[in-house]
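Hi there,

Here is the structure I promised to pass along. Have a look at it first, and then read on for what turned up in it.

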Amino acid sequence: LEISDNIPDIMAFEDEDGSLILLVSADRYTAIHNWLQDFFSNQTKDIQIKLYDLSGEFNLDLADFTDSNKCSIQYFDHISILKRLWMQLNPHAMEWWQLLDIASKQSTELPQIPGIEDLTKLIFFSEALDSAPAGTILIVILPTPLHALKILGMAQQGPALIDQLLEPLLNWWDTTRQTLSAVEKILRLRLPSSQQLRLNDAWKGRLHLLQKTISDRSNHHFTLILDGKNYKPAQLRNRLSIAGMHRAIPHILIVEEASAEANVELENECRKGPITINKSISITHLAQEAKTTDEKRASNRIEEWDAESLYAKIFLPGVSKADLKIEQIDASIHLIFNGYCRSIALPKEFISNQCERAQITVGWLNLWFSHN
């Protein structure tokens, strides 16, 4: 996989099979268009590019890019994905659907469960990663920023995204089914097994791959393009804080037409963190020069845990200490800010220690834990 000589640094962000995964989200359609135009104008090699549009808008004019380059495009279509998933699930869990009297229904007749469209987006995303040949460039157009950050936060949960919703209910059903075994025989009922509703290995594998790709910032590259003209500096800082609360820190932050005050505030928040701030869209500034794997991972790190000194630092740009609440419950620490909650599982060395002091310095939350 090669790219023109004037952007040697782009290869610093590959996943383990050599594919290059580029994520982009923007407030304005023109910003997406300019980003893509800049990217394709720098392509001089015959490289296979797969473009996935997760925006769900269907009206992004991408033909200019796909027609003149070796590029295929797939659009996210919630109804089509739901139909395909229903065709896969229907025979697999037929006994359940018969019990619920929905076995004969079409996918369009199923109830519209809140949040299901975000889940189908992630399934679409995970299938794209799983099917991409080695050496392919994957470009993923995410929804607008606030929605994109939520999607990326969900992606890092992997199979737990579904298991956490279903597992308590399915475990309850297994226990209840055992107690109803006598009734089942008397009434000649056939109570279905919970195993039919558990994720199979193929689904788990794809969601694990998605989790690994998004959780490790060395496995992808995320460009976030905000509208600086219509947002005040405080609003821009708040939007940046949402990225931290969803653990979806961009590699490149571009704020179009931002005021001088906003630029200064954002640069102060990010100057000691793993974000590069650009004032204009340019693919030539995707990253710093290519680094070794260890150096690359260190430069992308957004959390650090020092077990010896029981000290941790977490990159949370835009978050103010005055409005941040910190709760430690069992083996997790919960950060609460402006209606968002980020839960972090504590490393085993920290579990028996209590967080006793916190400080925010230049975009980093510093935590000190007691020594027992």
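Two residues are in contact if they have heavy atoms within 4.5 Å of each other. With that in mind, and remembering that this is a predicted model, here is the overall picture. Of the contacts in the chain with a separation of 6 or more, 71% are between residues 24 or more positions apart. The chain has 372 residues, and 48% of them are buried. Its accessible surface comes to about 18,500 Å², with 51% of that belonging to carbon and sulfur atoms. As for secondary structure, you will find 12 helices and 14 strands.

Let me start with a pair of helices. Two packed helices are described by the angle between their axes and the distance between the axes. Helix H5 covers residues 116-131 and helix H9 covers residues 201-215; their axes are 9 Å apart and meet at an angle of about 85°. Angles of 65 to 115 degrees count as roughly perpendicular, so that is how H5 and H9 stand to each other.

- From H5: Leu122, Ile123, Phe125, Ser126, Glu127, Leu129 and Asp130.
- From H9: Trp203, Arg206, Leu207, Leu209, Leu210, Thr213 and Ile214.

By type, the residues of this contact of H5 with H9 divide into 9 nonpolar, 2 polar and 3 charged.

Next, a sheet. Strands E10, E11 and E12 form an open sheet in that order, with antiparallel pairing. E10 (325-329) and E12 (340-345) are the edge strands, each pairing on one side only. From one strand to the next, the twist averages 20°. E10 is joined to E11 (residues 332-337) by 5 bridges, and Gln328 of this pairing stands opposite Ile333 in E11. While you look at it, keep in mind that in a regular strand the side chains alternate between the two faces of the sheet.

Strand E13 (residues 355-361) and strand E14 (residues 364-369) run antiparallel and are joined by 6 bridges. Ile360 stands opposite Leu365 in E14. How many residues lie between the strands of the hairpin of E13 and E14? There are 2, and Val362 in this hairpin takes a positive phi near 50°.

Happy browsing, and do write back with any questions!

Best wishes

Technical notes
Residues are numbered from 1 along each chain as its sequence is written. This is a predicted model: local features need pLDDT of at least 70, side-chain atom pairs count only at pLDDT 80 or more; totals for chains, interfaces and linings use all residues. Side-chain values use heavy atoms; hydrogens and water are left out. Two strands pair if DSSP finds at least two bridges between them. Helices (H or I, at least four residues) and strands (E, at least two) are DSSP runs, numbered from the N terminus. Axes are lines fitted to C-alpha atoms, for helices over the stretch in contact, and angles run from 0 to 180 degrees between N-to-C directions. Buried means under 20% relative accessible area, exposed over 50%, partly exposed in between (1.4 Å probe, protein chains only). Accessible areas come from the Shrake-Rupley method with a 1.4 Å probe; for residues, only the protein chains shown count as cover. Angles under 35 degrees count as roughly parallel, over 145 as roughly antiparallel, 65 to 115 as roughly perpendicular and the rest as oblique. Ala, Val, Leu, Ile, Met, Phe, Trp, Tyr, Cys and Pro count as nonpolar, Asp, Glu, Lys and Arg as charged, and the others, Gly among them, as polar.
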